[in-house]
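Hello,

Here is the structure I promised to pass on to you. Have a look at it first, and then read on for what I found.

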Amino acid sequence: MDVTYARDDVVTFTKSIYSLIIFLVLWEAVAQMGLVYYYYLPPLSDVLARFVELTLSGEIPYHSYLTLRRALVGLVIGTVFGILVGILIARNAVAEWFFDPIIKIGYPIPIIALVPVFMLWFGIGDQSKIIMVAIGTFWPIAVNARNSAQRIDKNYIRSARMMGTSDRRLLWRVVFPAASPGIVTGLQIALPLSLIITFVFEMVAGGGGLGALEIEGVRTFDPTQVYATIIAIMLIGIALDRALRLLRNHYLRWV
Amino acid sequence: MSDGDISISNLEKVYDDGAEKTKAIEDLSFDIDSGEFVGVVGPSGCGKSSLLYLIAGFLETTDGTISVDGEPIDGPGTDRGVVFQDYALFPWRTVMENVTYGLEEQGVSKEERRSTAQRYIDMMDLGGFEDRYPKELSGGMKQRVAIARTLAYDPKILLMDEPFGALDQPLRESLQDQLLDIWRDLEKTVVFITHDVEEAVYLSERVMIMTRRPGTKKTVVPFDLDRSLDREEIITSDKFVTTKNSVWKSLREETQPEVQP
């Protein structure tokens, strides 16, 4: 029975990614047959070999670490401020009056457009990148925190106050947990955004990281390094997304 | 000893949304003894929910006073507990965690919280569901959790806003009887809002009928009966039928438009 199950699993898994497999086989074939110039698209096998080489040499791990650190530190800062401001807007009329217009304008701005401005203001180091990630991820978190905090059932608040929760404790005891599904939705938008911002900033400003590693591949006429880096950032993106889903399923199992 | 009596005098409530003033309650005076079960019925929009929320302290009185045990109320407080029609359970907390909430706020130790909560969970026949989340429960079970949550922090007064309004008839009846048992055992003062005349008469020692808006006390119908009887004996008794009809008649005068001669 177990064997059958295992084979079924393989079949299901293969089915779910068969379009991807076709794509990868096509890639290898097209490149091997010399239908495209090597510099545009080296064969998948070459890219994978280069990926293993860069991983074993420690380059991909090191640059991944730089990218991840910038993205995640910025994301944490952006999330904390986003939650605070979002909930404040929902709960306080003065805060709403002040912050709401800022959020309405700030959210749709393509933050990447401001990379040169950040280079002027904060330089090209870690600090500059982290600030940009923090600001970029702030918006979706703040908007989602605000929306969900505004929609909290009034009777939750009434019940809590009746049971002796003070106005100040209310935020932590009721508003935050009640708004947490919305906040996690914001986080699911902000997480890939933090990687995109870091990656682009590294491409433009250097200072190491996967973005810089990819651009280095272009500058040294090494297309395999370009694609190997893309694989690395893809894997990181998928892994983080999966991790966030797992956390969501665990902490928000009550939703 | 007075414990959980409510005194309402010359109560007035006006809603003012800036553009328009709506008088919901006008010159309402009413005293409820401690340990008494009072039902409140009235036409829709008569301000019966407003009255409950004023006693709860969610709303501020425009004029007049509401006192509990001689003290004018000042906002919500743990001497009173509210049970809502939509349960208002915290969805992120399990049944046990919902019931312990009020005790957590009072700083009761963890073991004591759990044992107290367990007592009320068992009282409401929720044993075995301690670790479930509200979304996994039926409406009737949710309302039983809500009642257990309110009882757990031991308020003297239960304020119930059409608590069984969303439940089907057999479920309502079993919860009504459960509530009566609790009321007798725990000696709470209960103010029970409903639009169901039979429910009001069956449960209450006195039923207050409110006028249409602006709502005020129209009449109070007392209904003292032998509580040792079972439901069927009660609802088929002459006394019950007569009382129900008089409440119904009084209420009908308020819901029917005045007939022009």
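**A helix pair in chain B**

In chain B, helix α4 (residues 139-152) packs against helix α5 (residues 169-186) with 11 Å between their axes and an angle of about 15 degrees. Helices here are DSSP runs of H or I with at least four residues, strands are runs of E with at least two, and both are numbered from the N terminus. Axes are lines fitted to C-alpha atoms, for helices over the stretch in contact, and angles run from 0 to 180 degrees between N-to-C directions. The angle makes α4(B) roughly parallel to α5(B); angles under 35 degrees count as roughly parallel, over 145 as roughly antiparallel, 65 to 115 as roughly perpendicular and the rest as oblique.

Before going further, please keep in mind that this is a predicted model: local features need pLDDT of at least 70, side-chain atom pairs count only at pLDDT 80 or more, and totals for chains, interfaces and linings use all residues. Residues are numbered from 1 along each chain as its sequence is written, while chains are lettered from A and ligands numbered from 1 in the order in which they are written.

Back to the pair: G140(B), Q143(B) and L151(B) of α4(B) meet L171(B), L175(B), I182(B) and L186(B) of α5(B). Contact means that the C-beta atoms, placed from the backbone, lie within 7 Å. Five of the residues in this contact are nonpolar, two are polar and none is charged. For these classes, Ala, Val, Leu, Ile, Met, Phe, Trp, Tyr, Cys and Pro count as nonpolar, Asp, Glu, Lys and Arg as charged, and the others, Gly among them, as polar.

**Two sheets in chain B**

One open sheet has six strands in the order β6-β7-β8-β3-β9-β10 (chain B), with mixed pairing. Strands pair if DSSP finds at least two bridges between them. At the edges are β6 (80-83) and β10 (217-222) of chain B, each pairing on one side only. Strand β9 (residues 206-210) of chain B is antiparallel to β10(B), with five bridges, and V207(B) has V221(B) in β10(B) as its bridge partner. Helix α8 (residues 238-255) of chain B packs on this sheet, where it touches β3 (37-41), β9 and β10 of chain B, and its direction makes about 175 degrees with that of β10(B).

The other open sheet has four strands, in the order β2-β1-β4-β5 (chain B), and its pairing is antiparallel. Its edges are β2 (21-32) and β5 (71-72) of chain B; each has a single partner strand, so one side of each has no neighbour in the sheet. Eight bridges join β1 (residues 6-16) of chain B to β2(B) in the antiparallel sense. I8(B) stands opposite F30(B) in β2(B), and L11(B) has L28(B) in β2(B) as its bridge partner. Between β1(B) and β4(B), also antiparallel, there are five bridges.

**Where the chains meet**

The contact between the chains takes 12 residues from chain A and 20 residues from chain B. On the side of chain A that touches chain B, helix α8 (residues 154-162) of chain A gives the largest share, six residues.

Enjoy exploring it!

Conventions. Contact = placed C-beta atoms within 7 Å.
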